[in-house]
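This report describes one protein model for a reader who is new to structures. Please look at the sequence and the 3D view before reading on.

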Amino acid sequence: MKRIAVLGATGSIGRSTLAVARRHPDRFQIVALSALGSVAELESVASEFGVSEVAVADPAALGPLAGRGWRSGPEGVEELARLPEVDIVVNAVVGAAGLVPTIAALEAGKRCALANKESLVAAGGIVLAAAERGGGELVPVDSEHSAIHQCLSGAAPVGAHRLILTASGGPFRQATDEELERVTAASALRHPTWEMGRKITIDSATLANKALEVVEAHHLFGMPYDRIDVVVHPTSIVHSFVEFVDGSVISQMGAPSMEVPILYALTWPRRASDAQLRGFDPVAISPLAFEPVDDRRFPLFRVGVNAGRAGGAAPAVFNAANEVAVEAFLEGRVSFAGMARVVEETLEVHGELPVDTLDDVLGADREARGRARAEIEAIGA
Ligand code: MG
């Protein structure tokens with residue numbers, strides 16, 4: 001029986017994790033839960049799974065539940081990641097707020113089933129050092145990285161030559177420049193293949209998500225940037241490819257359901273039988289199509305990958321500015337194209353700070369957010 005903490009339990013990945021746990025009560029026991037602020041839903045799942053270790057990241061959201069003995073604030077979430085009774089921490093927190101819990105879980109020797117790609121983007125080297133120090137292990141939940149992890153399972157370490165991540169291309173894959181100018185939050189939130197939270201859905205529409213994933217893959221698999229490619233694959237059936245040194249290519253496929261990579265991250269190196277997730281039909285998914293990424297129409301892809309290549313504070317600054325820009329876009333305070341301008345301007349000012357410690361990363365994140373907010377006001381004015 002694996003004992004699991006689900007951080008971000010009321011978001012899309014958190015709910016999918018709980019759905020997987022409901023189907024496998026003999027394998028998984030939910031022992032800790034956190035959410036940003038959806039306390040009613042949190043209370044309901046805590047009572048369903050009989051969980052007493054609960055944390056609410058936003059203390060202001062506790063309201064009438066304040067007398068429950070729940071933990072609160074970012075420290076409360078971090079404490080859950082270190083609980084001795086926890087074997088696996090599913091980190092499904094959105095954004096840079098997931099970084100500290102990732103480090104805490106790895107330092108405490110847990111498996112971290114990582115859906116929070118921002119952890120590795122903002123502080124890749126620091127996160128890997130925490131795993132080394134504490135004996136924790138990272139298993140990706142992101143579908144592309146889960147695919148690569150599966151393709152590499154059992155492979156000789158020097159055998160992989162190149163990673164090819166797939167991208168759905170988002171809802172505006174075929175939009176003209178003029179159409180991109182008029183994109184609204186409502187239209188950007190309609191993703192063609194994946195059902196996800198709001199932040200990642202916007203990131204998928206701008207392809208910022210794919211830039212974050214390239215940086216994530218670089219750290220997770222120790223692959224140099226010039227051997228990580230991205231290809232657009234609109235139906236999201238092939239989740240990624242690995243090309244090996246001898247020219248063999250292995251891919252992992254399946255219907256676009258996050259429950260598959262979640263179950264894999266919870267059971268690896270084994271697999272659990274799950275009839276609900278089976279039923280692959282090659283005829284129904286034919287033909288499979290692939291096309292290049294257009295980084296002229298989707299500049300955040302290029303900007304994000306370049307930030308990863310630059311290293312130092314740049315990827316943390318990219319991530320922070322992007323989070324602020326997405327929030328402003330959802331609130332109608334910046335246009336779709338304006339998001340890339342905000343991120344680029346912020347990187348120009350703060351992208352070259354050195355980062356050696358977690359505090360450096362958190363400082364760069366904070367400064368970038370301030371700068372990005374000022375930039376949005378300047379554009380809006
Ligand atoms: Mg992904």
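## Cavity and pocket

The lining of the largest cavity is made of three nonpolar, six polar and no charged residues. Here Ala, Val, Leu, Ile, Met, Phe, Trp, Tyr, Cys and Pro count as nonpolar, Asp, Glu, Lys and Arg as charged, and the others, Gly among them, as polar. The model is predicted: local features need pLDDT of at least 70 and side-chain atom pairs count only at pLDDT 80 or more, while totals for chains, interfaces and linings use all residues. Residues are numbered from 1 along each chain as its sequence is written, and side-chain values use heavy atoms, with hydrogens and water left out.

On a 1 Å grid over the protein atoms alone, a cavity is a set of points where a 1.4 Å probe fits but cannot get out, and a pocket is an open set with protein on both sides within 12 Å along at least five of seven lines; lining residues have an atom within 4 Å of a point. Grid points are joined across faces, edges and corners, and a volume is the space filled by probe spheres set on the points. Helices (H or I, at least four residues) and strands (E, at least two) are DSSP runs, numbered from the N terminus.

One cavity of 30 Å³ or more is found in the whole structure. Its lining residues include Ser-143, Gln-150, His-239 and Val-260.

| Space | Volume | Largest share of the lining |
|---|---|---|
| Largest cavity | about 50 Å³ | three residues, from H6 |
| Second largest pocket | about 450 Å³ | four residues, from H11 |

Of the 22 residues that line the second largest pocket, Met-253, Val-260, Asp-274, Leu-277 and Arg-278 are the closest to its centre. Strand E11 (249-253) and helix H11 (259-267) are the elements that each give two or more residues to this lining. By class, the lining of this pocket has 11 nonpolar, six polar and five charged residues.

## Magnesium site

Which residues coordinate the magnesium ion? They are Asp-142 (OD), Glu-144 (OE) and Glu-213 (OE), at 2.0 to 2.1 Å. Donors are N, O and S atoms within 2.8 Å of the metal (3.2 Å for Na, K and Ca); water is not among the atoms, so sites may look incomplete. Along the sequence the donor residues follow the spacing D-x1-E-x68-E.

Residues are called buried under 20% relative accessible area, exposed over 50% and partly exposed in between (1.4 Å probe, protein chains only). Asp-142 is buried, at 8%, and Glu-144 is buried, at 7%.

## Cores and helix H9

In soluble globular proteins, nonpolar side chains tend to be buried together. A nonpolar core is a set of buried Ala, Val, Leu, Ile, Met, Phe, Trp, Tyr and Cys residues joined through side-chain atoms within 4.5 Å. In the largest core, of 89 residues, Leu-163, Phe-172, Phe-318, Phe-329 and Met-339 touch the most other members. Helix H13 (residues 314-330) gives the most to this core, 11 residues. Apart from it lies another core, of 35 residues, among them Ile-13 and Val-139.

Helix H9 (residues 198-206) is largely enclosed by the rest of the structure, because seven of its nine residues are buried. The cover over these buried residues includes helix H5 (117-134), helix H10 (208-221) and H13.

Conventions. Contact = heavy atoms within 4.5 Å.
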